[in-house]
Amino acid sequence: MERSESMRHSRRVVVTGCGVISPVGLDVETFWSAVREGRSGIARVESFDVSDLSTRIAGEVRDFDPAPYMPHKVSRRLDRFAQFGLAAAIQAVDDAKLPTGDGDADPRLGVMVSSGYGSSRMQHWVTLELERRGPRGVPPYVSAAIAVDSPSAEVALRFRAGGPSGSVSAACATGTMSIGEAALWIRSGRADVVIAGGADDSVTRLDLAAAGNARALSRRNDEPERACRPFDRDRDGFVMSMGAAVVVLEEAGHALARDAPILAEVAGYAATTDAFHLTAPHPEGLGAVSAMRLALEDAGLGPEDVDYVNAHGTGTVLNDRTESQAIRTVFGERATEIPISSIKAVTGHMIGAAGAAELIASVQAIREGVVPPTVNCENPEDPDLDYVPGRQRPASVRTVMSNSFGFGGHNAVLVIRAWEP
């Protein structure tokens, strides 16, 4: 494809910084090392009693200390999902070497750090306090802290972001949609820089009970590291997880003018809705197919240009089967030649943070020339597709498609590519 076709957006969007808080690492380097090497962060839940639950395993964030990222007066008013989001944003801004100050708010700096489940832990706690102590048991900061946009508000305060800010909530597609919508802000001229991503702390008794009763979760409690099995015939559900992933997006000219480290380009984005079922994907994957094709069209690229597909790959029967079918539909005969992998076997499903974490893994795949593996894919349902089972693989990766599909029929797809001025 001609270079002029694939770079037709007058305001190109690039990634200049990344930050991660996850079950497999509290920074990008540690996270990527675990993902690349297939080291699982899934284990028996330790933070609360799970003895009466059908699923007793999850991807918990361990040893996270908010103190290096925020003063106690800030951390005490935040649900953990917002603490994760703020910490990952600080990492990303540092990585981008983005100058910030204490002066007037910057009207060209936006924030879109979103969540799928929001402050479920704080809402549960404050409801019990209201029941136990009455109105005096409800702290005044709760009305702001329980909002799904809490991370965006805190990030905007921290970095004096005076441009557009907010949160989208699209279940498992939240992180991908946040980054895609933030890229549109930059393309349209509403902002020059946007801090974007997702955060969730979805490992609670309520969340595990609800998803477990819906039979969406794996019950391999005795084999936590082998529980999440994307695209494997023996899969029995996803594994709930938590964390945050945030990137700094910039208009390319803005990044070049300040000599910023450009990690990759966000070349294409699309979002669609199945409008079929509340929790099940369309059996023919029509919404997923449409999102994948539209993202490629937005990038000015074709299926022949994609070197790697970072799959949604949750380890549920319907999602994995539908995604495989969608990939075959979009890529045709070339589908069997493209490496496809899901990192959720290692990280668990970070819900609102998942797509953003997978976007960061895709950036790393481009930069290091390595495709991360699909761990636990030992008996692939579609043996002709290349799920990169077991081990990482060296590869020339210039262009990546990153998929996210969520409850409610939400589909979001990003296409990123190596930066070429």
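**View A. Val13 and the pairing of strands β1 and β7.** In this predicted model, Val13 stands opposite Glu251, a residue of strand β7. The two strands concerned, β1 (residues 13-21) and β7 (residues 242-251), run antiparallel and are joined by eight bridges. Helix α4 packs on the sheet, where it touches β1, β4, β6 and β7, and the direction of α4 makes an angle of about 135° with that of β1.

View B. Ten strands make up an open sheet with mixed pairing, and their order is β5-β4-β6-β7-β1-β8-β14-β13-β9-β10. The edges are taken by β5 and β10 (340-341), each of which has a single partner strand, so one side of each is left without a neighbour in the sheet. Helix α8 (residues 174-188) lies across β1, β4, β5, β6, β7, β8 (264-273), β13 and β14 (410-417), and its course is at about 115° to β8.

View C. Ser404 belongs to strand β13, which spans residues 399-406. Because its relative accessibility is 0%, Ser404 counts as buried, the cut-off for that term being under 20%. Its side chain makes a polar contact of 2.6 Å with the side chain of Thr176. Leaving aside residues up to four places away in sequence, Ser404 touches Cys172, Ala173, Thr176, His312, Gly355, Glu358, His410, Asn411 and Ala412.

**View D. Helix α7 and the elements that cover it.** Helix α7, made up of residues 150-159, is mostly covered, with seven of its ten residues buried. These buried residues are Ser150, Pro151, Ser152, Glu154, Val155, Ala156 and Phe159. They pack against the helices α3 (72-75), α4 (80-96) and α6 (142-145), and also against the strands β4 (109-114), β5 (165-166) and β6 (193-201). Just after the helix, Arg160 takes a positive phi of about 55°.

**View E. The packing of helices α2 and α14.** Helix α2 (residues 28-37) packs with helix α14 (residues 354-368) at an angle of about 80°, and the axes of the two helices are 11 Å apart. The two helices are therefore roughly perpendicular to each other, a term that applies to angles of 65 to 115 degrees. From α2, the residues Val28, Phe31, Trp32 and Arg36 meet Ala357, Ile360, Ala361, Gln364, Ala365 and Glu368 of α14. The residues of this contact between α2 and α14 divide into seven nonpolar, one polar and two charged.

Notes: Residues are numbered from 1 along each chain as its sequence is written. This is a predicted model: local features need pLDDT of at least 70, side-chain atom pairs count only at pLDDT 80 or more; totals for chains, interfaces and linings use all residues. Side-chain values use heavy atoms; hydrogens and water are left out. Buried means under 20% relative accessible area, exposed over 50%, partly exposed in between (1.4 Å probe, protein chains only). Helices (H or I, at least four residues) and strands (E, at least two) are DSSP runs, numbered from the N terminus. Contact means heavy atoms within 4.5 Å. A polar contact is a pair of N or O atoms within 3.5 Å; within protein, one must be able to donate a hydrogen and the other to accept it, and residues adjacent in sequence count only if both atoms are side-chain atoms. Two strands pair if DSSP finds at least two bridges between them. Axes are lines fitted to C-alpha atoms, for helices over the stretch in contact, and angles run from 0 to 180 degrees between N-to-C directions. Angles under 35 degrees count as roughly parallel, over 145 as roughly antiparallel, 65 to 115 as roughly perpendicular and the rest as oblique. Ala, Val, Leu, Ile, Met, Phe, Trp, Tyr, Cys and Pro count as nonpolar, Asp, Glu, Lys and Arg as charged, and the others, Gly among them, as polar.
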